[in-house]
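Me: I would like to go through a structure feature by feature. Please give the general idea each time, then the case at hand.

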Amino acid sequence: MNKQKYKEIKKIFKNNKGYARTKDIIDAGIHTSYLYQLTDDNVVRKIKRGLYYWNDYKIDVQEELVEVAKIVPKGVICLLSALSYYEVTTYNPWEYYVAIHRDDFKPSIPDYPPIKVLYFAEKQYRTGIKEINIQGNIVKIYDLEKTICDCIRYRNKIGIDIVKEALNEYIKKKEKNINKLIKYAKITGVYSIAKKYFEVLI
């Protein structure tokens with residue numbers, strides 16, 4: 001790899017907080033073969049078509065949560081992103097999961113940070129929202145019990161193993177609230193599905 005090209009490409013990723021599009025590389029007058037070589041060498045990871053991430057770039061997750069909240073002001077951090085925030089999963093999601101009310105207009109989403117928008121019905125959207133303060137910025141996120149219920153609801157999309165791991169980690173927490181978990185499951189309509197998962201908790 002040409003050292004100068006390596007430095008130029010790394011600078012592009014750094015300027016974009018660890019992300020870069022194929023277009024960014026081309027616009028800088030750099031041939032995409034250098035980008036593909038970095039991907040082959042596992043220096044860069046392909047997230048999706050045309051979007052890449054520099055593997056050893058240290059993301060300030062809390063800073064990005066604030067950025068996501070500003071991009072989707074009516075959004076609520078959910079699913080894998082919420083699991084990660086509460087530290088009940090070893091899975092490191094490469095995109096931020098945000099819920100909005102199904103009647104709201106789809107927000108304009110930039111290429112990075114990668115954001116996946118989900119549309120929740122009234123009860124599913126309103127239940128369990130809490131606000132956290134990150135460096136003076138208010139970020140909406142579902143509380144842990146609501147997050148568990150949402151993950152059970154979307155278990156086939158996010159992976160049953162992730163749900164099981166989250167539940168196992170939830171059991172270990174002193175501040176868990178089983179009654180609230182069951183209440184949320186009934187409100188959001190997943191109780192009949194969730195009963196077999198709850199057996200290990202009760």
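This is a predicted model: local features need pLDDT of at least 70, side-chain atom pairs count only at pLDDT 80 or more; totals for chains, interfaces and linings use all residues.

Me: How many helices and strands does the secondary structure of the protein chain come to?

Reply: There are eleven helices and eight strands in the protein chain. Along the principal axes, its C-alpha atoms fill a box of roughly 60 × 35 × 30 Å. Of the 202 residues, 46% are buried. Taking contacts between residues at least 6 apart in sequence, 58% join residues at least 24 apart.

Me: How should I read the charged side chains, and how many salt bridges does the count come to?

Reply: Side chains of opposite charge can pair when their charged atoms come close. A salt bridge here requires a side-chain nitrogen of Lys or Arg within 4 Å of a carboxyl oxygen of Asp or Glu. By this rule the count comes to eight salt bridges.

Me: Which residue forms a salt bridge with E122?

Reply: The partner of E122 is R126, and their closest N and O atoms are 3.2 Å apart. Both belong to helix α6 (residues 122–126); because they are four residues apart there, about one helical turn separates them. E122 is partly exposed, at a relative accessible area of 42%.

Me: Where do K146 and D150 lie?

Reply: Both are in helix α7, four residues apart, which is about one turn of the helix. K146 and D150 form a salt bridge whose closest N and O atoms are 2.9 Å apart. Both K146 and D150 are buried.

Me: What does D143 form with K180?

Reply: D143 and K180 form a salt bridge, with 3.6 Å between the closest N and O atoms. D143 sits in the loop between β8 (137–142) and α7 (144–153), while K180 is in helix α10 (residues 178–187), so the pair ties together parts that are 37 residues apart in sequence.

Me: Is D143 buried or exposed?

Reply: D143 is buried, its relative accessible area being 9%. K180 is partly exposed, at 28% relative accessibility. Leaving aside neighbours within four places in sequence, D143 is in contact with Y86, G128, K130, K180 and Y184.

Me: Which residues are linked with R21 in a network of salt bridges?

Reply: The network links R21 with D24 and D111.

Me: What is the nearest side chain of opposite charge to R155?

Reply: That side chain is D150, 11 Å away. R155 is buried yet has no salt bridge. Its place is in helix α8 (residues 155–158). The side chain of R155 does reach the backbone oxygen of I152, at 3.0 Å. Beyond its neighbours within four places in sequence, R155 is in contact with I160, V163, I193 and Y197.

Definitions and conventions:
Residues are numbered from 1 along each chain as its sequence is written. Side-chain values use heavy atoms; hydrogens and water are left out. Helices (H or I, at least four residues) and strands (E, at least two) are DSSP runs, numbered from the N terminus. Buried means under 20% relative accessible area, exposed over 50%, partly exposed in between (1.4 Å probe, protein chains only). Lys and Arg count as positive and Asp and Glu as negative; His and the chain ends are not counted. A polar contact is a pair of N or O atoms within 3.5 Å; within protein, one must be able to donate a hydrogen and the other to accept it, and residues adjacent in sequence count only if both atoms are side-chain atoms. Contact means heavy atoms within 4.5 Å.
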